[in-house]
Amino acid sequence: MLRLNARWTRRLDAYRLIHQHPVNRGCHLFGIPLVFASVVLAPIMGPWAAAAVFVTGWGLQFFGHFVEGQKPSILGDPRFFVMGGVWWLQRVGVPVAETREDPSD
């Protein structure tokens, strides 16, 4: 199980808000693992194949945001790259414990 503190839970909530359209969600469901796979498997795939997979993954996500009418969250805060991975894990069934209260707030 993945556990998020209150700050990361708020980021995940913000991420969800700009990923409402079913087309955008579908594009991200396929695009996010393509981007991660291209980075992790680049030594095995070779640079040209990894670049093609990387561009395809990002292309899907940018298309989804075009359909949704929202700019990609990563453009405003690179930490949303991590949130995309968390969102994807949750969508495919990995349990994510979200913390709603922050003791330091």
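A salt bridge is a side-chain nitrogen of Lys or Arg within 4 Å of a carboxyl oxygen of Asp or Glu. The exercises below concern a predicted model, in which local features need pLDDT of at least 70, side-chain atom pairs count only at pLDDT 80 or more, and totals for chains, interfaces and linings use all residues. Residues are numbered from 1 along each chain as its sequence is written, and side-chain values use heavy atoms, with hydrogens and water left out.

**Exercise 1.** Determine which parts of the chain are linked by the salt bridge of Glu98 and Arg16.

*Solution.* Step 1: the side chains of Glu98 and Arg16 form a salt bridge at 2.5 Å, N to O. Step 2: Glu98 lies in strand β2 (residues 96-98) and Arg16 in helix α1 (residues 6-17), so the pair links distant parts of the chain, 82 residues apart. Here helices (H or I, at least four residues) and strands (E, at least two) are DSSP runs, numbered from the N terminus.

**Exercise 2.** Identify the network to which Glu98 and Arg100 belong.

*Solution.* Step 1: Glu98 also meets Arg100 in a salt bridge of 2.5 Å, N to O. Step 2: shared partners join Asp13, Arg16, Glu98 and Arg100 into one network of salt bridges.

**Exercise 3.** Classify Arg79 and Asp77 as buried, partly exposed or exposed.

*Solution.* Step 1: buried means under 20% relative accessible area, exposed over 50%, and partly exposed in between (1.4 Å probe, protein chains only). Step 2: Arg79, at 40%, is partly exposed, whereas Asp77, at 15%, is buried. Step 3: the side chains of Arg79 and Asp77 form a salt bridge at 2.9 Å, N to O.
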